[in-house]
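Thanks for coming, everyone. Let me put the structure up, and then we go through it piece by piece.

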Amino acid sequence: MSAALAVSGLVKRYGAVEALGGVDLEVRESELVGLLGPNGAGKSTLVKIACGLVRPTTGRAEVCGARAGSREARAALGYLAELFRFPGWMTAEELLELHQRLAGSDGGERERVDLLELVGLQDARRRPVEAMSKGMQQRLGIAQALVGSPRLLLLDEPTSALDPVGRRTVRTLLEELQRRGVSVLLNSHLLSEIELVCDRVVILLAGRVVAAGTPTELARPRGVEIETNEGKRTYPEVGRDDLPRLVAELVRDGKSVYGARLLTSTLEDVYVEAVSGETS
Amino acid sequence: MTAIWTIAGYGLREALRRKVFVVVCFLTVAFLALYWLGAHYAFNHVGNVEPPAGVDARTFAGAFLFGMAMFGTLFLGVVLAIFLTLGTVRGDAERALLQPLVVRPVGRSTLLVARFFGAAAVCVPYVLLLYFASMLLTGLEGSWWPDRIVTPGVELAGGVLIVAALSLLGSVFLSSIANGIAIFMIFGAGLVAGLLGNIGHVLNSPGLIHAAKIAAWAIPFEALYQDALRAITEKTSGLTGFLLRLGPFGGAEQGGVGLRLWAVAYIVLVGAVAVAGFARRDL
């Protein structure tokens, strides 16, 4: 079975500016991949190429085996843009109905009700978009992206306007989608969110992939922390295998050991290291 | 085909909910009321006017007034067409309204065609309604009826469709405001071309007439308008006919079948350029 999203040697130039400088990336079936990077790293450009809004300068991007931007590719994906707006005069129900028609979905009212329930907007079916809060609009955006049961979901900063409860709702939703076999490319600045839900993480910097792997693969050992009667102390050079020996030595030296913890770098550490502290 | 009707319907519903039609209806009623008032007084005074020899005062008044109403009809139709289409691509993309639609498995060309049909579905009935309402008012007040009843109205509607197509094309490359200004300026240029033709006829200047003709055909809504003006007094001859062919707002000029075919080809051509431009545009 072909990958949900396969990108190779992808280059995009806007005049003299190179937004993407040869990106290779794959999102497999049912996989949830997090895309990280500072502002201007090329994350949104990559997502836009995948959904056919932007044409690549060179390179190849395929969605479920079809060329990105083709009708087949667009039929297989759902997309929520970082900056999006829906017509303010439309109700949530009308918006989903419009997208059902455009997506060729035959889900009817059942699908609309289910999607609105999924994003917690079941009570706002007949509310116009202009009467919704930003968070509600973002959740409606996610429901819109799910119209027609896409195989690949491209989410560009889907939780930027959500409160903590809303973010948790989206996290739960992403886990549910993964169970249903939907592949997701999640572009977000929220590292904790990515770390919690993503199978793999790709970090972009200046249009190039600078780190990629599972959160566990990316995390590096950073020693151990041991709490004794003299307080907490970190041993940066000590690894997992050395821990029993170190604890035994400390006990032998007459110290009372209350706890020992292996230290690994967080995704935030990995990210900051990968982008060399760059913010934009 | 379903996608075309869906998007066209979306455009129509937007116009409806945004109360565009309420404003248009209100202004149209105001326009027709004023026109009726003007026609009423004009025809009441026609009997007291001593026209120059060879001029039929009633025919002149009727055709002149109705010619003005036709200009008003064209102008209002053009305003409507421009406002319905000026932000279709770049304007909607800048407001982030377009992207969620474009990523759906609906071709970009389908989207443009649908928006054109949506605008046409509003503008054509509107222009025809206004045209026939003005004709009815003129006929009832002055007992004057144009020589051709249907053709001029259809040509006016065609002129408005050309402007809608140009506005859609402009929307691919220009922001909403820039596009609106550009299309209104093109519309103005067409009127100037018509006036140049008028002056050329009065001065008997072949160069001026030729320049006006080229300009009118380069933006054929003007040529259609001139042909429509000609058609309403097609059978009027003599001095009355000569005077009427000079105005108002652009001389009456014969376009014929060639013009109508060119108008259709022009819309297709403009549409093709718009589709090609949209297909290459990053959003």
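**Domains, sheets and the chain contact**

Chain A first: the domain assignment gives domain 1 (5-215) and domain 2 (221-264). Those bounds come from an automatic or database domain assignment. The C-alpha centres of domain 1 and domain 2 of chain A are 44 Å apart.

A word on the source. This is a predicted model, where local features need pLDDT of at least 70, side-chain atom pairs count only at pLDDT 80 or more, and totals for chains, interfaces and linings use all residues. Residues are numbered from 1 along each chain as its sequence is written, while chains are lettered from A and ligands numbered from 1 in the order in which they are written.

Now the sheets in chain A. Helices (H or I, at least four residues) and strands (E, at least two) are DSSP runs, numbered from the N terminus. Two strands pair if DSSP finds at least two bridges between them.

One open sheet has four strands, in the order S2-S1-S4-S5 of chain A, with antiparallel pairing. Its edge strands are S2 (17-27) and S5 (66-67) of chain A. Inside, S1 (5-14) and S4 (58-63) of chain A pair antiparallel over five bridges. Ala6(A) stands opposite Glu62(A) in S4(A). Helix H1 (43-50) of chain A packs on this sheet and touches S1, S2 and S4 of chain A. Contact means C-beta atoms, placed from the backbone, within 7 Å.

Next, an open sheet of six strands: S6-S7-S8-S3-S9-S10 of chain A, with mixed pairing. Why is one side of S6 (77-80) and of S10 (208-213) of chain A left without a neighbour in the sheet? Each stands at an edge with a single partner strand, so one side stays without a neighbour. S6(A) and S7 (152-156) of chain A run parallel, joined by four bridges. There, Gly78(A) stands opposite Leu153(A) in S7(A).

Over to chain B. Helices H7 (151-173) and H8 (176-203) of chain B have axes that come within 9 Å and cross at roughly 145 degrees. Axes are lines fitted to C-alpha atoms, for helices over the stretch in contact, and angles run from 0 to 180 degrees between N-to-C directions. In H7(B), the residues that meet H8(B) include Val163(B) and Leu166(B). The contact divides into six nonpolar, four polar and no charged residues. Ala, Val, Leu, Ile, Met, Phe, Trp, Tyr, Cys and Pro count as nonpolar, Asp, Glu, Lys and Arg as charged, and the others, Gly among them, as polar.

Last, the interface. 21 residues of chain B contact 22 of chain A. On the chain B side, H1(B) gives the largest share, six residues.

Methods. Contact = placed C-beta atoms within 7 Å.
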